[in-house]
Amino acid sequence: VNLNTGHKTGFFCDQRDNRRELARWVDGADVLDLCTYTGGFAVAAGVLGDPKSVTAVDLDEVALEVAKTNANLNQVRVRFVHADAFDWLRQSANAGKRFDVVVLDPPKFIGTRREIETGRGKYHDLNRLALSVVREGGLLLTCSCSGLLTREEHRGLVTTAARKEGKTARILASAGAAPDHPILLECPETEYLKCLWMIV
């Protein structure tokens with residue numbers, strides 16, 4: 001964890017419980033971790049579960065180097081890919097690549113109110129692309145850390161993306177940040193992390 005240059009604390013501790021839960025789903029699975037940053041979900045899948053393979057994609061070269069170090073320290077095999085998630089997913093879908101478990105935890109696409117419409121479009125498009133590479137009966141964990149996007153809006157965007165992709169998805173659970181990230185009643189934006197667990 002790089003405390004000086006990393007995002008937030010250098011490691012997204014708010015996803016701790018979701019990483020632990022993911023390990024229950026990965027045994028014997030081909031796992032894809034999109035926007036992996038420093039490898040949180042990818043490394044956790046390898047340490048806590050028994051996946052067949054783990055692929056992790058991110059555009060940030062510096063973060064990927066930290067992710068590789070984390071994988072080595074934890075003695076897990078992860079295939080790290082330096083690429084834009086949008087482009088990589090399009091190419092993978094066209095090539096017929098499919099995964100049993102897909103984690104989509106993108107960066108904050110909506111930082112200000114002026115970015116709401118553009119950000120919604122990005123979340124929609126990225127979810128649609130992620131859905132296209134989930135094997136039938138597979139799991140998609142899709143997240144948004146934008147406080148200006150409500151839980152209902154996030155769910156709506158994912159629903160529209162699934163419909164346009166011709167996919168049927170069942171929501172198993174809706175989750176958020178770990179308990180050490182409390183939500184203030186008078187500040188709804190503190191419920192910023194939204195996670196949907198879905199069978200596709």
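This is a predicted model: local features need pLDDT of at least 70, side-chain atom pairs count only at pLDDT 80 or more; totals for chains, interfaces and linings use all residues.

Visitor: How many residues does H3 have?
Guide: H3 has 13, residues 61-73. From first C-alpha to last, the helix reaches 19 Å, close to the 18 Å expected.

Visitor: Which residues of H3 are buried?
Guide: Ala63, Leu64, Ala67, Asn70 and Ala71. Down the axis of H3, these buried residues fall within an arc of 115 degrees, so they line one face.

Visitor: Why would residues spaced like that point the same way?
Guide: An α-helix has 3.6 residues a turn, so residues three or four places apart point the same way.

Visitor: What do the buried residues of H3 pack against?
Guide: Helix H2 (40-48), plus strands S2 (53-58) and S3 (79-82).

Visitor: And which exposed residues sit on the face turned away?
Guide: On H3, those are Glu61, Val62, Asn72 and Leu73.

Visitor: What caps the N-terminal end of H3?
Guide: Asp60 does. One of its side-chain oxygens lies 3.0 Å from the backbone nitrogen of Val62. After the helix comes Gln75, with a positive phi near 55 degrees.

Visitor: Switching to the sheet. What is the strand order?
Guide: S3-S2-S1-S4-S5-S7-S6, an open sheet of 7 strands with mixed pairing. S3 and S6 (170-175) are the edge strands. The twist averages 15 degrees from one strand to the next.

Visitor: In which sense do S1 and S4 pair?
Guide: Parallel, over 4 bridges. Leu32 has Val102 in S4 as its bridge partner.

Visitor: Which strands does H5 lie across?
Guide: H5 (116-131) lies across S1, S4 and S5, running at about 155 degrees to S5.

Key: Residues are numbered from 1 along each chain as its sequence is written. Side-chain values use heavy atoms; hydrogens and water are left out. Helices (H or I, at least four residues) and strands (E, at least two) are DSSP runs, numbered from the N terminus. The expected span of a helix is 1.5 Å times one less than its number of residues. Buried means under 20% relative accessible area, exposed over 50%, partly exposed in between (1.4 Å probe, protein chains only). The arc is that of the directions from the helix axis to the C-beta atoms. Contact means heavy atoms within 4.5 Å. A polar contact is a pair of N or O atoms within 3.5 Å; within protein, one must be able to donate a hydrogen and the other to accept it, and residues adjacent in sequence count only if both atoms are side-chain atoms. Two strands pair if DSSP finds at least two bridges between them. Axes are lines fitted to C-alpha atoms, for helices over the stretch in contact, and angles run from 0 to 180 degrees between N-to-C directions.
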